[in-house]
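Colleague: I would like a close look at a single part of this model. Please take it step by step, for someone new to structures.

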Amino acid sequence: MNLKQRVLIVEDDPDIAELLKVNLQDMSLSCEICTRGDKAIPIILANQFALIILDLMLPGMSGVEICQEIRKSKPEQAILMLTAKSSELDQILGLEVGADDYMTKPFSIPALQARVKVQLRRCQLYQESLEQVSRHAQPQKIVIGDLSVDPTERRVNLRHVNIDLTALEFDLLKFFATRPEQVFSRTQLLDQVWGYDHAGYEHTVNSNINRLRNKLQAVAGSKQIIQTVWGVGYRLSATNCTLSQEVE
């Protein structure tokens with residue numbers, strides 16, 4: 001079975017789980033269902049899935065806890081989180097712990113399928129980059145000061161320190177690195193990095209930016225590489241990619 005065809009649905013509501021499965025099968029995807037949070041981790045660790053659709057509220061283990069565990073061993077794993085709650089806090093929480101995207105129930109099937117297509121496309125690009133490495137393709141690195149982004153091996157190095165990023169965080173950083181100092185709005189980032197433009201999902205951008213920025217700041221110290229341009233959006237500061245000798 002091709003990796004890009006496999007999706008794991010972690011959802012305790014049987015009606016929703018079956019609805020998801022039927023509609024994803026219409027996209028020629030192979031779907032498996034897990035109804036308990038505490039049973040999801042062994043399945044995820046023992047298998048490879050292009051995408052995990054993860055409910056926030058689950059028996060045995062919450063979606064947030066599952067997401068945290070996945071990120072420890074599979075930072076590249078694509079995760080789409082579902083939540084029946086409408087509060088911004090719940091949505092932000094899911095994204096802050098590592099989900100690539102979220103949808104609030106109830107949702108439309110076309111919107112769900114569009115989100116799934118975006119994640120599967122990213123998974124396919126990730127697999128193609130790994131295949132290039134296996135064929136000994138020469139990496140085309142992006143180097144800005146002390147920041148090195150290798151699109152082929154999908155590695156990020158800042159001042160000789162390797163930084164572990166999720167697949168989406170890497171794509172976001174690569175996008176900024178190929179356009180240093182250029183400012184992008186949340187809408188532009190949703191369109192260019194996520195692959196869709198959908199009003200109301202700005203938190204998806206904010207949370208991924210915050211996670212990426214925090215990982216870079218752990219090495220960069222006081223120098224902010226991903227900067228917020230208030231009222232406009234975000235940019236990568238080429239100047240701040242060159243770290244002073246005091247940063248240790």
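How many helices and how many strands does the chain have? Then turn to strand S1: is it enclosed by the rest of the structure or open? Which strands pair with S1, and which salt bridge involves Arg6?

Modeller: Keep in mind that this is a predicted model. The secondary structure comes to eight helices and eleven strands. The chain has 248 residues, and 50% of them are buried. Now look at contacts between residues at least 6 apart in sequence: 59% of them join residues at least 24 apart.

Next, strand S1. S1 covers residues 6-10. Five of its five residues are buried, so S1 is largely enclosed by the rest of the structure. Look at its two sides. In a regular strand, side chains alternate between the two faces of the sheet. Here Arg6, Leu8 and Val10 lie on one side. Val7 and Ile9 lie on the other. All of these are buried, which leaves both faces of S1 covered.

Now the strands that pair with S1. One is strand S2, residues 30-34. S1 and S2 run in the parallel sense and share five bridges. To find your place in this pairing, pick out Ile9, which stands opposite Ile33 in S2. How does the chain get from S1 to S2? It passes through helix H1, residues 14-25. This β-α-β crossover is right-handed. Another partner is strand S3, residues 51-55. S1 and S3 also pair in the parallel sense, here over four bridges.

Then the charged residue of S1, Arg6. Side chains of opposite charge can pair when their charged atoms come close. Arg6 and Glu32 form a salt bridge through their side chains, at 2.5 Å from N to O. Glu32 lies in S2 and Arg6 in S1, so the pair ties together parts that are 26 residues apart in sequence. The two ends differ in cover. Arg6 has a relative accessible area of 17%, so it counts as buried, the limit being under 20%. Glu32 has 30%, so it is partly exposed.

This bridge belongs to a set: the structure holds ten salt bridges. One of them joins Arg115 and Asp101, at 2.8 Å from N to O. Arg115 sits in helix H5 and Asp101 in strand S5 (residues 101-104), so this pair links parts 14 residues apart in sequence. Arg115 is buried, at 4% relative accessible area. Asp101 is buried too, at 0%. Arg115 has a further contact: a polar atom of its side chain lies 3.2 Å from the backbone oxygen of Tyr102.

Another salt bridge connects Arg211 and Glu169, with the closest N and O atoms 2.7 Å apart. Arg211 is in helix H8 (residues 202-220) and Glu169 in helix H6 (residues 167-177), 42 residues apart. Both are buried. Finally, Glu11, Asp55 and Lys105 are linked in a network of salt bridges.

Back to S1 to close. It is largely enclosed. It pairs with S2 and with S3. And its Arg6 makes a salt bridge with Glu32.

Key. Residues are numbered from 1 along each chain as its sequence is written. This is a predicted model: local features need pLDDT of at least 70, side-chain atom pairs count only at pLDDT 80 or more; totals for chains, interfaces and linings use all residues. Side-chain values use heavy atoms; hydrogens and water are left out. Helices (H or I, at least four residues) and strands (E, at least two) are DSSP runs, numbered from the N terminus. Buried means under 20% relative accessible area, exposed over 50%, partly exposed in between (1.4 Å probe, protein chains only). Contact means heavy atoms within 4.5 Å. Two strands pair if DSSP finds at least two bridges between them. A crossover is right-handed if, with the strands pointing away from the viewer, the path from the first strand over the helix to the second runs clockwise. A polar contact is a pair of N or O atoms within 3.5 Å; within protein, one must be able to donate a hydrogen and the other to accept it, and residues adjacent in sequence count only if both atoms are side-chain atoms. A salt bridge is a side-chain nitrogen of Lys or Arg within 4 Å of a carboxyl oxygen of Asp or Glu.
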